[in-house]
Amino acid sequence: MSSEKKAVDHSHHLSDLARRHALSPLKGLQKYYGKDLIPFAGGLPSPEYFPFTSVSAQVPLADAFPLDPPRSATSPVSSSPFGWLWRLFGASKGDTTHVQIPREPRQGDGGLNLSKALQYGPVTGLQPTQAFVREFTQRIYAPAYDDWTTLAHAGNTDGWSRVAKLLLNPGDTLLVEEWTYPSALASARPIGARWKAVPMDGQGMRPDALREILAGWDVERDGPRPRVIYTVPVGQNPTGVTLGLERKKAIYDLCVQYDIIIAEDDPYYFLQVGEFVPKSLRKAERESAAGEDIARFIASLVPTYLRVDTQGRVIRLDTFSKTIAPGVRLGWFTCSPLFAERLERIGEVSTMSPCGLSQALVVALLSRWTFDGYVRWLRGLRTQYKLRRDFFVDCLMEEFDVVPTPASAVPGAWVAAGDQMTIVFSAYRRGSMDKEKPRPLLSFVPPSAGMFVWMELYFGDVPNQTDEDGSVVTPERQFFTRLADAGVLTAPGWFFLPETHKTDSLPSSAADHHIGHTRLSYTPSDAETTRRGVKIFAKTLREFCRV
Amino acid sequence: MPTSSSLVISEDDESALCAPTDGSQTTSRVIEAQGLTVLPASSYASFLSKVAKARKPSPIRGLYPLEQTPGVISLLAGKPNAALFPFINVQFTVPNLDNSGPMLLSVDEDLLSMGLQYAPTNGIQPMVEWLTLFQEQEHRRGRGEGWRVSVTAGSQDAIYKAIQALVDPGDPVLIEKPVYAGVIPIFETLHCEMIEVETDVDGLKSLSLREILENWSTSKPKPKVLYTVPYGCNPTGATTALTRRKEVLDLSREHSFLVLEDDPYYFMYFGAHSRIPSYFMLEAQTGDRSVGHVLRFDSFSKILSAGIRIGFVTGPAPLLDAIDRHTATANLQPSSFSQAIILTLLRSWGREGLLAHIHTVAKFYREKRDVFEAAMRRHLHDLAEWNTPEAGMFFWFKLLLGDDGDSARLIQTKAFEGGVLALPGTVFTPSGARTTYVRASFSLLEEGQVNEALRRLRVVILKERGLTGGFS
């Protein structure tokens with residue numbers, strides 16, 4: 001079709017390793033199957049003796065979690081103002097249903113049976129999995145080019161590590177956000193890739209900074225031109241910021257200009273919980289009626305990079321880890337056919353296909369809910385995460401005096417000077433605001449997506465220490481240890497710094513040891529534990545800073 | 001290596017060891033009771049690849065064990081809250097081992113919760129524990145011998161990672177000839193020099209291996225790994241004999257290489273003789289009884305489920321550490337959800353039940369083998385040569401097509417058109433050299449199909465021979 005918009009030819013982006021992956025001869029046989037052919041070529045074991053004859057699961061209904069918090073006025077007696085929350089956290093409606101995977105194929109089962117799921121399956125995912133993710137991508141993301149394709153993977157770590165192998169050669173530079181998910185770098189390191197941190201602010205990766213890096217790139221000094229960006233654009237890990245559509249467009253345009261592939265790692269996409277509103281200002285907003293259509297749901301989410309991807313430059317990683325469960329190890333790529341084929345080759349000699357049983361149960365669940373039901377589930381989940389986000393920040397605001405401040409007014413804030421949009425919450429010791437020059441203990445931007453609150457900590461004149469082996473122990477490290485000893489584990493800022501030997505490419509706020517960072521997850525614990533954790537955190541920080 | 005059985009050494013006290021009397025660079029820890037010598041952790045530095053040595057532990061995952069400390073509140077990881085997982089209960093049915101009808105098993109609530117959440121890289125703890133105990137009993141090994149177990153996403157995944165952990169680009173590696181086609185791409189992308197060791201009806205020819213190593217040029221480093229499938233080798237179906245295995249182990253100690261024992265058909269053994277011990281077992285029993293040269297790969301793919309992607313690797317802790325560090329940044333962890341389900345089954349069966357199931361599976365494959373062999377005799381007695389496999393699911397036979405015969409060409413054209421598909425032997429050699437061998441799997445077909453398939457193959461071969469003038 002002449003009007004069909006196809007992905008641009010990206011074959012020059014394939015790494016040497018990706019080019020070398022030949023079709024495993026055993027896998028290449030599959031195309032011969034069928035017709036009146038009797039095959040004994042493959043090494044498939046007989047499923048007759050796989051002992052599972054059926055698998056079933058009890059599952060909640062898609063609308064198990066409410067869309068709105070209940071009005072506290074009608075809550076049963078509880079001495080704590082958070083009583084209703086404690087019940088609400090994870091309190092689903094009791095109704096459940098069952099999904100079952102029988103052993104034998106049946107007419108119209110869509111391929112959901114154990115004889116398929118327990119046997120070696122396609123690297124790209126069982127047929128029902130493939131069908132679901134394809135429809136989901138089309139309806140929710142609507143990529144801006146036509147010949148996109150989807151294929152399953154075993155979770156986003158598997159996804160990214162394959163993408164890294166697909167695109168990076170030794171000596172290549174990977175562009176990353178200036179604070180980034182350490183595991184992603186660890187996947188790229190063995191390939192021999194280096195990385196360049198792109199400055200960010202409270203709205204995400206900065207296009208102006210990216211332009212500066214790309215325009216000023218000197219091949220002789222800096223090595224081969226960067227061809228890949230790794231980004232977590234929604235609920236960024238660790239900073240929690242979200243990249244809006246305008247920024248995505250601007251960055252995408254730069255990628256077209258400079259011929260760059262975008263690896264969009266997006267595990268928190270459906271945890272977009274909206275701007276934080278302090279409790280005193282919070283209205284009992286009602287989410288739209290349960291019958292809200294898909295279009296309104298999509299419109300409520302920041303669009304993905306696929307929305308602006310006219311050339312097939314984006315390799316998107318979706319995962320069920322945060323929307324279903326991490327243990328199932330299932331997700332999918334959306335990318336151009338060229339990349340998909342190579343990603344399949346890379347997968348088939350290592351992890352091969354995602355677990356068939358996980359696929360069968362997850363797809364059975366999604367089929368039971370139907371597409372609309374899954375959207376309802378995602379909305380209920382979003383409310384749950386919003387409640388948890390609100391609760392966590394409310395706890396912080398109980399432990400400190402918190403003052404919303406424009407980013408430009410917060411000295412040394414990681415959100416950076418020039419950020420006109422972001423409001424930073426500066427936190428002071430309670431009752432210290434009437435001092436002449438109150439000093440904040442920490443600042444943070446309440447996340448509008450994801451699972452983390454990223455904080456900048458101000459340690460004042462707490463000095464560095466020296467370890468037995470002579471290495472410097474910054475206040476950030478000291479505080480991390482002090483806090484762990486007090487019974488609270490956090491993820492300190494140094495975990496998220498792209499390692500580099502040059503201090504001038506550290507974020508400026510990281511170069512100053514009086515300032516530290518920490519990432520706190522607000523999801524894993526129940527309300528009571530979370531509250532206790534925040535109290536211990538606050539107390540330990542005050543004591544550590546001697547404030 | 002010092003092997004004095006009167007010496008008792010504590011793990012922390014290596015400095016108290018006697019200097020080795022044979023001039024080797026390593027010192028070892030001795031387990032007095034068994035008289036075993038355990039290769040010390042430090043000696044694996046010479047085996048690990050550059051990439052493996054450069055891998056750092058994942059900082060976040062590295063702290064997971066601390067989360068288990070009682071009373072600790074973890075705000076560390078981006079773990080979703082368990083209350084939000086949409087699987088409340090998982091059940092499955094399995095046939096009762098005594099054939100009395102299906103048995104309903106339910107995954108324990110805590111285990112399910114563990115399974116749905118992010119889990120340790122090397123497997124959920126109760127699964128690792130179960131498998132470790134199983135390995136101890138199956139291969140008569142004990143704790144404190146320097147080995148441990150990691151669960152992986154299938155044994156293919158484990159092999160892939162083991163090779164990445166041990167082999168640098170361009171390294172020589174020892175493989176059987178012919179070799180499992182699924183490892184060739186892994187070695188090829190590392191530009192390995194694949195040194196082929198001859199095999200015969202008794203499996204790997206240790207004499208061939210000895211010749212290769214003794215004639216190795218001193219100007220280049222020796223191969224560090226031998227990859228072998230000792231039971232029902234894919235594709236030859238051969239099972240390596242006991243004497244050969246002992247010699248291979250002796251050679252591994254003498255020439256300092258690791259034996260990658262890839263054993264997916266270990267449980268599919270149906271030979272008349274009692275089972276031959278694994279390399280993992282034998283290393284503790286034979287030769288100088290120094291252990292730590294064997295890295296063993298087990299799979300549930302052929303006996304429980306191939307699609308479930310659960311395998312396990314057993315061997316020296318430093319090697320498993322390297323594999324796990326890779327997993328942490330490659331696919332994070334094997335599916336803990338699958339592990340929870342499989343573990344529920346294993347617990348219900350117990351070791352005895354698993355062995356009973358394995359026995360049934362092996363019997364099933366023996367019957368299939370017999371059917372296939374009968375059909376081979378019926379249709380190809382004069383057109384092919386083969387050895388009878390005692391394990392696994394493959395028949396490896398040589399078509400008598402004459403000197404310039406080419407099984408690949410035959411299969412891809414005439415046989416395919418004639419309605420039968422087998423796997424040409426050429427895919428099992430790195431060089432892709434022309435061969436008249438064919439691999440056929442006897443796992444899936446019914447008797448009628450087997451006969452029809454081999455009848456068709458006979459027709460195809462006869463036509464081929466007729467066309468090309470026939471041979472003696």
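The exercises below work on a predicted model.

**Exercise 1. Find the domains of chain B and say how far apart their centres lie.**

Step 1. Start with the domain assignment: in chain B, domain 1 covers 47-351 and domain 2 covers 356-468.

Step 2. Now take the C-alpha centres of these two domains of chain B, which are 30 Å apart.

Step 3. Next, look at who takes part in the contact: domain 1 of chain B brings 30 residues and domain 2 of chain B brings 21 residues.

**Exercise 2. Describe what domain 1 and domain 2 of chain B bury between them.**

Step 1. For domain 1 and domain 2 of chain B the buried area is about 2300 Å², with 70% of it on carbon and sulfur atoms.

Step 2. Then turn to polar links. Six residue pairs are in polar contact between the two domains of chain B (both residues at pLDDT 80 or more), while the count of salt bridges between these domains is zero.

Step 3. Finish with elements and residue classes. On the side of domain 1 of chain B that touches domain 2, helix 7 (184-189) and strand 8 (193-197) are the elements that give two or more residues. The residues on this side of domain 1 of chain B are 20 nonpolar, seven polar and three charged.

**Exercise 3. Work through the interface of chain B and chain A.**

Step 1. Count the residues: 101 of chain B are in contact with 101 of chain A. The two chains bury about 8400 Å² between them, and 67% of that lies on carbon and sulfur atoms.

Step 2. Check the polar links. Between chain B and chain A there are 34 residue pairs in polar contact (both at pLDDT 80 or more), and zero salt bridges.

Step 3. Which element gives the most to the side of chain B that touches chain A? Helix 12 (residues 336-380) of chain B does, with 13 residues. This side of chain B divides into 61 nonpolar, 29 polar and 11 charged residues.

**Exercise 4. Find how strand 2 of chain A pairs with strand 4 of chain B.**

Step 1. Locate strand 2 (residues 54-60) of chain A and strand 4 (residues 89-95) of chain B; they pair in the antiparallel sense over five bridges.

Step 2. Pick out Val55(A): the bridge partner of Val55(A) in strand 4 of chain B is Phe92(B).

Technical notes. Residues are numbered from 1 along each chain as its sequence is written. Chains are lettered from A and ligands numbered from 1 in the order in which they are written. This is a predicted model: local features need pLDDT of at least 70, side-chain atom pairs count only at pLDDT 80 or more; totals for chains, interfaces and linings use all residues. Side-chain values use heavy atoms; hydrogens and water are left out. Domain bounds come from an automatic or database domain assignment. Contact means heavy atoms within 4.5 Å. Buried area is the accessible area (1.4 Å probe) that two parts lose on being put together, summed over both. A salt bridge is a side-chain nitrogen of Lys or Arg within 4 Å of a carboxyl oxygen of Asp or Glu. A polar contact is a pair of N or O atoms within 3.5 Å; within protein, one must be able to donate a hydrogen and the other to accept it, and residues adjacent in sequence count only if both atoms are side-chain atoms. Helices (H or I, at least four residues) and strands (E, at least two) are DSSP runs, numbered from the N terminus. Ala, Val, Leu, Ile, Met, Phe, Trp, Tyr, Cys and Pro count as nonpolar, Asp, Glu, Lys and Arg as charged, and the others, Gly among them, as polar. Two strands pair if DSSP finds at least two bridges between them.
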